[in-house]
Amino acid sequence: MSLDLSLSFPFADPRLQKLDLNRLVRLKTVPVTNQSDATFMLDVDQRRTVVVKRNLVPSDVQGEAFGFLVSKELRIRTPQAFVVEHEPFPWSNDSEDDGSGRQPSPNEHLRQGWASSAIENALNWDPIDADLCNQRDLCGIFLLDALLGNPDRHNENVLVVDASNEEPRHVYSIDLALAWCCDAEGFSKRTDDVPTDCQFLRGVNRAAIEVHAPAFFDAAAKLANDHGLVESLVYEVGRVTGNISGEESVVLAST
């Protein structure tokens with residue numbers, strides 16, 4: 001069984017784009033504890049600052065990519081993102097080399113990273129300010145994590161921006177590298193399972209976000225029933241990351 005790719009692929013305007021590592025200049029390490037050596041870097045071509053996650057395995061990039069595309073389809077607020085290639089080990093401009101002198105294997109030269117546009121004046125989640133945030137944003141993040149099986153939502157994986165004194169604070173979803181959709185076969189076996197409690201956004205008013213749930217449920221159902229669109233999203237992830245087999249594509253598209 002294979003995907004029906006009779007539609008016009010790739011997209012004329014790809015929704016998931018690549019960034020060449022040679023375009024990026026290291027600025028500084030992200031000052032928040034993380035497992036991916038997240039680093040602020042400057043895209044010299046576009047004169048924009050991006051946050052680059054490094055030392056990822058292929059499934060991490062796949063999870064980020066698929067999560068990003070689903071977020072865009074459901075209009076869940078998330079930074080613009082890119083697949084970075086290729087990441088050597090260690091990075092030649094990395095002043096924090098551990099000095100081990102280990103030489104990279106050939107496969108390590110094919111590693112990919114994940115970059116997202118830096119959000120100015122963003123703060124991490126604080127339960128005290130939950131009622132000041134956009135409740136639709138919060139509802140969307142809950143739904144997204146349930147759909148993709150994301151067990152890694154915590155204070156550092158949510159960005160909050162006070163864009164205006166007259167409107168609720170914007171809430172951005174980031175970091176879907178550990179979502180269950182990274183493992184197509186394992187994801188399909190979980191059926192209707194969702195991640196158990198994972199320190200998820202303490203302080204959220206359940207009644208306030210449930211007001212927005214019906215619209216999100218309708219959007220998610222429409223996406224699930226549009227098999228051509230779902231297949232196109234999976235195809236797009238495979239096209240850019242190159243790490244999804246045909247069999248995995250079928251499983252992921254049908255789950």
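Trainee: Which residues of helix α7 (residues 246-254) are buried?
Mentor: Ser 249, Val 250, Leu 252 and Ala 253 are buried there. Buried means under 20% relative accessible area, exposed over 50%, and partly exposed in between, using a 1.4 Å probe and protein chains only. This is a predicted model, in which local features need pLDDT of at least 70, side-chain atom pairs count only at pLDDT 80 or more, and totals for chains, interfaces and linings use all residues. Residues are numbered from 1 along each chain as its sequence is written, and side-chain values use heavy atoms, with hydrogens and water left out.

Trainee: What do the buried residues of α7 pack against?
Mentor: They pack against α1, α3 and α6. Contact here means heavy atoms within 4.5 Å. As for the names, helices are DSSP runs of H or I with at least four residues, strands are runs of E with at least two, and both are numbered from the N terminus.

Trainee: How do you know how α1 and α6 are placed relative to each other?
Mentor: Two packed helices are described by the angle between their axes and the distance between the axes. For helix α1 (residues 58-73) and helix α6 (residues 227-241), the axes come within 10 Å and cross at roughly 140°. Those axes are lines fitted to C-alpha atoms, for helices over the stretch in contact, with angles from 0 to 180 degrees between N-to-C directions.

Trainee: What makes up the contact of α1 with α6?
Mentor: Val 61, Gln 62, Ala 65, Phe 66, Leu 69, Val 70 and Glu 73 in α1 meet Leu 229, Leu 233, Val 234, Glu 236, Val 237 and Thr 241 in α6. These residues divide into nine nonpolar, two polar and two charged. Ala, Val, Leu, Ile, Met, Phe, Trp, Tyr, Cys and Pro count as nonpolar, Asp, Glu, Lys and Arg as charged, and the others, Gly among them, as polar.

Trainee: What links Lys 53 and Asp 175?
Mentor: A salt bridge, with the closest N and O atoms 2.9 Å apart. Lys 53 sits in strand β4 (residues 48-53), while Asp 175 is in the loop between β9 (170-173) and α3, 122 residues apart. Lys 53 and Asp 175 are both buried.

Trainee: How many salt bridges does the structure hold?
Mentor: It holds 11.

Trainee: What makes Asp 192 buried or exposed?
Mentor: Its relative accessible area is 76%, so Asp 192 is exposed. Asp 192 is placed in the loop between α3 (184-189) and α4 (206-210).

Trainee: Why are Cys 133 and Cys 139 called buried?
Mentor: Cys 133 has 3% relative accessibility, so it counts as buried. Cys 139 is at 7%, so it counts as buried too.

Key
A salt bridge is a side-chain nitrogen of Lys or Arg within 4 Å of a carboxyl oxygen of Asp or Glu.
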